[in-house]
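Work through the two exercises below with the model open. Each task is followed by a stepwise solution.

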Amino acid sequence: MPADEIIITVYLCIWLGIFGAVWGSFADCAVSRWAAGERMFTGRSKCASCGHVLSVPDLIPVFSWLFRRGKCGYCGEKIPADCLAAELAGALGLVCLGLRFGAVPALGQWLVWGALLLCLSLTDGAKRIIPDGLLLALAVNRMIWFFVLKEDFDAVLNALKACFVPLALLGLVLLAERLLGREVMGGGDLKLLFALALYLSWAQLLLALLAGCVLGLLWAVSAGRKRGEALPFGPFLAAGAVLTVCFGDPVLRWYLGLF
Ligand SMILES: [Zn+2]
């Protein structure tokens, strides 16, 4: 890679890291308010325990949490690690997308995609809901960039092919639910797969699904979840999709090359 390209990429990633952390912080705050039934976008940020209005040094993503060692600077009560996790996920997600695509117009589509996936991961984590509005925003974003990037009929064909993955899964889920007599996969997760099919090829979507299952399983094991205890799948599927888009191509090339 030429030196000037490296400088541009580093510069891009620094800004994406900052923007991603700020977005993660904002989205986490908005989703916590939404989950608590409060107004999402009005009012100053406050400590959830003592209600003290937070000042600028308390609101620097990632660093405030680390400097205060995860505790409120006024009452000393613990600040949930979810807040830090959302900021780090936002920063890492956008930096990975920046590294994957570089400074090209298409990066715009993927950044909005990543930002929306973070939001729906948070809503799913907080209330086990993936709002239709966020799924619709994913579809609209894809449609806008389809025209902006002047994509051809192949993109439509790829999306239709990818839709077979959630369709097949829907069939399996309905069958499993009939046999087991209980819900095995949330409707929101299936709708998210359809929304992801607009962006990913069928092979990428399968890999994202597999990666999501592995991540979910690892999480369940590390968190000591018992069998049968439901886990929101949206955050893992979203993480699997981001990992697949950023790092999945060599894996798919290797796997598809076996046949
Ligand atoms: Zn406090």
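Axes are lines fitted to C-alpha atoms, for helices over the stretch in contact, and angles run from 0 to 180 degrees between N-to-C directions. Helices (H or I, at least four residues) are DSSP runs, numbered from the N terminus. The model is predicted: local features need pLDDT of at least 70, side-chain atom pairs count only at pLDDT 80 or more, and totals for chains, interfaces and linings use all residues. Residue numbers start from 1 along each chain as its sequence is written.

**Exercise 1.** Describe how the axes of H1 and H4 cross, and list the contact.

Step 1. Helix H1 spans residues 3-35 and helix H4 residues 107-127; their axes come within 10 Å and cross at roughly 35 degrees.

Step 2. This crossing is right-handed (the near helix is turned clockwise from the far one by less than a right angle).

Step 3. On H1 the contact (C-beta atoms, placed from the backbone, within 7 Å) is made by Trp23, Gly24, Ala27, Asp28, Val31, Ser32 and Ala35. H4 contributes Ala115, Leu118, Cys119, Leu122, Thr123, Ala126 and Lys127.

Step 4. Sorted by class, this contact has 9 nonpolar, 3 polar and 2 charged residues (Ala, Val, Leu, Ile, Met, Phe, Trp, Tyr, Cys and Pro count as nonpolar, Asp, Glu, Lys and Arg as charged, the others, Gly among them, as polar).

**Exercise 2.** Characterise the side of domain 1 that touches domain 2.

Step 1. The domain assignment, automatic or from a database, gives domain 1 as 1-103 and domain 2 as 106-259. Their C-alpha centres lie 24 Å apart.

Step 2. In contact are 18 residues of domain 1 and 15 residues of domain 2.

Step 3. H1 and helix H3 (81-101) each supply at least two residues of this side of domain 1; the largest share, 10 residues, comes from H3.

Step 4. By class, this side has 11 nonpolar, 5 polar and 2 charged residues.

Terms used
Two residues are in contact if their C-beta atoms, placed from the backbone, lie within 7 Å.
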